[in-house]
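This report goes through one protein model from its open spaces to its backbone. Please keep the sequence and the structure in view while reading.

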Amino acid sequence: MTDTARTARAGVPDRPTLDGIEETWARRWQEEGTYAFDRSRERADVYAIDTPPPTVSGELHMGHVFSYTHTDTVARFQRMRGKAVFYPMGWDDNGLPTERRVQNVYGVRCDPSLPYDPDWTAPDAPVDEAARRDPKPISRRNFVELCERLTAADEQVFEALWRRLGLSVDWSLTYTTIGRVARAASQRAFLRNLARGEAYQAEAPTLWDVGFATAVAQAELEDRERPGAYHRLRFHGPDGREVLIDTTRPELLPACVALVCHPDDERYADLVGGAVRTPVFGVTVPVRAHPLADPAKGTGIAMVCTFGDLTDVTWWRDLDLDTRVVVGRDGRLLPEPPDGVPAERYATLAGQTVAAARRTLVGLLADAGDLVGEPRPITHPVKFYERGDRPLEIVSTRQWYLRNGGRDAELRAALLDRGAELTWVPGHMRHRYEHWVGGLTGDWLVSRQRFFGVPVPVWYRLDDAGEPVWSQPLTPDESALPVDPSSDPPPGFDERQRGKPGGFIGDPDVLDTWATSSLTPQIVGGWETDPDLFARVFPMDLRPQGQEIIRTWLFATVVRAHLEHGVLPWRDTVLSGWILDPDRKKMSKSKGNVVTPMALLTEHGSDAVRYWAASGRPGTDLAFDPAQIRIGRRLATKLLNASRFALGLGAADALRAPATAPLDTAMLAELSEVVATATAAFDGYDHTAALQATEAFFWRFCDDYIELVKERAYGTGPGADSARAALATALSAQLRLFAPVLPYVTEEVWSWWRYGSVHRAPWPTTYEVQRAVRGTGDPALLRLAGDALSQVRRAKSERKLSMRTEVPLAEALAPAAVLDQLALVADDLRAAGRITTLDPVPDRTTELVIACAF
């Protein structure tokens, strides 16, 4: 028995209110361990959720509320189904978003060359715009400490909001992606990948964000439409022949290594295998053929530069071309020309930004007479890092990669099979996974040139000349993890040998944030640190997440579990839709149309906001609608007041007594159907269908059943006993049906008359409801009685009479069979409608008509 199960009943208050119940119950749930995971349960009795750790770099918004509420309804349902729910919460606090937030809040930047200053103190935050434009350089260790300080403060704010929202998380299971446990797990997985040959280092063309000064993986790219211009350049072929090419990047002319045409393009067939000279620089470059060249694009022949885009990389690799790199990691043209390019002609470009070099080179081309016509303006897709604000460049760098099927057909097929094993909700999202895996062009680049992250756990021995021996990385023992090669020496060395010939250097990079986040099941499940827990929760049951990170978080987690454990990391995945603004546009910080939730939670209550969130199905977009939140508030208020009324009739003392009256058994028969519908919906991760069925019944219960039965329930005798028994069964079941979506009001009402927590109570079953029915019940009978009562009310309303007005005579016109059914509830109808005489008139109409005489 849990502590919650011993909680006494509170009794029905005189003036029930929704105000303040969040603070009361959030505190009680924490004190009583209502949502604590019971790790003594066997795996078959555990439901484990791999919760998305939100990025701690700003504010949570309604998109978070939307998707995390969906997950919480699953957790609450499974808990009430008798499962021990493993429901952790994590904070994704390493990586670029955190670094950018620290830079903006404190006006600092990291300079790894500076020594650590233990006496340095951070400026008061937030700083002004001038400080942001001219950030103060600080050491890496000082910078990391500042990141840790800010994320710790942000995490407290996030946790407070999640608690207010009512997430049934076990807060003792909280983790961070930069914490010691996460760092050790991330480094352990990387070292095992390295030992198996799945992780490797290579010098290769790399997508590079010049603003963040880091490499970027394929999964982090996005295309943005940007203005540009086609420039037509004149190359010089043999015998004075002109070869015209169109390019949007004339500044890369000194990096040109070839021209490429399609093998079947007869216009250039005689040039293939020969050479042409570049304009301005006069460098001789070969003409080659490749099937990716598009004869219909531009002039049909393209300039290959190292590197302008990913197609250049493909051509360079497939055709084994030379390399002439001109763009450096800072986004400026290198100070020295590449081999073969005349220095005096290149000098005017050296050190310029890409945009400035473009203007300069266009001028040089025009002066040389090799710019044909005027530039033609266009709008075209340009690749950006998803968090960056400057177009990506491609530079040659040494990086760490993890095999992911991009260059391994066998591994790709295995990962596609894993996708087929996984249960997708909604099912069509599986195609996004398959499209991504099928379209991979390279392995996963996992190293980043940043500071606040999990260090790559390797060192390199320096030869006698002080050069790193890249091919023989030094690695730590797993028992030493986590390590930081920038401050820890490798095994067999000491710190005095750092940077010295014959000594060592540490790898300066950190792992991509997804390289750690892809291990969330292992991190929180106690992989290699708590084997007992790991056996009870892994593989997990559910991965809830956003659809936009199928290619990153979901796929990466599948890759890591497949390589390390040979299994899927979870059984099911549920994908969220987008939150749209009132104009049906996706909410995003970059568009400035996000809504933050705390004010809404305070104004309308958490249950009301959760009701809005639960109105959206998995994978379906939902517009932010304050009106829907107000409907949720009205529902919670009605649940409070209707429960008070039912309990005031004595329902609390009639629980588990039989219902015998026809109207009562009819209501319970319909409730049994609702229980079956809601249960099946939750089993299929369709919380919206469960809520809709429950809510529709509840309003019929309030507007029809309670109004029809209350006079009888006030009385004595078998009829009154039946009414109170039916009210008790219905109220108990409905509170539990609503509990996953409306946790606060259901807990409040439950505490008035039941022991323990509604969230630890068993989920209602059809057997339980049917057990309260003596005889049989016909759901149609409640709807018939409700229809009749609504007609009486409408007659009074049309005459602008009070609902308490007596009706001296009412005629019931309907087919005889319908009137026979109506007779079963005639006493309740007369009492509710204040009808003195109710006369049946058979077979005058095809449907029921109640004609009132006043």
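## A pocket and its lining

A pocket is an open set of grid points with protein on both sides within 12 Å along at least five of seven lines, and its volume is the space filled by probe spheres set on those points. The model described here is predicted. Its second largest pocket holds about 1300 Å³ of space. The lining of this pocket is made up of 48 residues, and T248, R249, G308, D309 and H380 are the closest to its centre.

Which strand gives the most residues to the lining of the second largest pocket? It is strand 9, with 7 residues. Strand 9 spans 221–236, and the other elements that supply at least two residues each are strand 10 (242–247), strand 14 (301–305), helix 7 (310–318), helix 9 (354–368), strand 15 (376–385) and strand 16 (393–402). Sorted by class, the lining has 24 nonpolar, 12 polar and 12 charged residues.

## Enclosed cavities

The structure has 8 cavities of 30 Å³ or more. The lining of the largest cavity has 7 nonpolar residues, 5 polar residues and no charged ones.

The second largest cavity has a volume of about 60 Å³. Its lining includes E22, D607 and R633, and by class it has 5 nonpolar, 3 polar and 3 charged residues. Helix 1 (21–32), helix 17 (606–614) and helix 18 (626–648) supply at least two residues each. Helix 17 gives the most, with 3 residues.

In soluble globular proteins, nonpolar side chains tend to be buried together. In this model the largest nonpolar core has 90 residues, and L668, Y705 and L822 have the most contacts inside it. Helix 20 (residues 687–714) provides the largest share of this core, with 14 residues.

What does L668 touch beyond its neighbours within four places in sequence? Its contacts are A659, A726, T729, A730, V769, A772 and V773. Another core lies apart from the largest one; it has 86 residues, including I178, A204, I550 and V558.

## The chain as a whole

The protein chain contains 26 helices and 30 strands. Its C-alpha atoms fill a box of roughly 110 × 65 × 55 Å along the principal axes. Of its 854 residues, 55% count as buried. Among contacts with a separation of 6 or more, 78% are between residues 24 or more positions apart.

Not counting residues up to four places away, R551 touches A219, E220, L221, E386 and W436. R551 and T637 are 86 residues apart in sequence, and their C-alpha atoms are 42 Å apart in space.

## Cysteines

A disulfide is a covalent bond between the sulfur atoms of two cysteines. How many disulfides does a search of the whole structure find? The search finds 0. For C110, the closest cysteine sulfur is that of C147, and because the two sulfurs are 8.2 Å apart they are too far for a bond. C110 is buried, with a relative accessible area of 10%. C852 is also buried, with a relative accessible area of 13%.

## Backbone exceptions

Most residues other than glycine have a negative phi, and most peptide bonds are trans. A cis peptide bond joins L481 and P482, with omega about 0 degrees. P482 is in the loop between strand 21 (468–474) and strand 22 (504–506). The peptide bond from F538 to P539 is cis too, with omega near -10 degrees, and P539 is in the loop between helix 14 (531–537) and strand 24.

D320 is not a glycine but has a positive phi of about 55 degrees. D320 lies in the loop between helix 7 and helix 8 (343–346) and is exposed, with a relative accessible area of 68%. R656, likewise not a glycine, has a positive phi of about 75 degrees. R656 is in the loop between helix 18 and helix 19 (662–683), and is exposed with a relative accessible area of 64%.

Conventions. Residues are numbered from 1 along each chain as its sequence is written. This is a predicted model: local features need pLDDT of at least 70, side-chain atom pairs count only at pLDDT 80 or more; totals for chains, interfaces and linings use all residues. Side-chain values use heavy atoms; hydrogens and water are left out. A nonpolar core is a set of buried Ala, Val, Leu, Ile, Met, Phe, Trp, Tyr and Cys residues joined through side-chain atoms within 4.5 Å. Buried means under 20% relative accessible area, exposed over 50%, partly exposed in between (1.4 Å probe, protein chains only). Helices (H or I, at least four residues) and strands (E, at least two) are DSSP runs, numbered from the N terminus. Contact means heavy atoms within 4.5 Å. On a 1 Å grid over the protein atoms alone, a cavity is a set of points where a 1.4 Å probe fits but cannot get out, and a pocket is an open set with protein on both sides within 12 Å along at least five of seven lines; lining residues have an atom within 4 Å of a point. Ala, Val, Leu, Ile, Met, Phe, Trp, Tyr, Cys and Pro count as nonpolar, Asp, Glu, Lys and Arg as charged, and the others, Gly among them, as polar. A disulfide is a pair of cysteine sulfur atoms within 2.5 Å.
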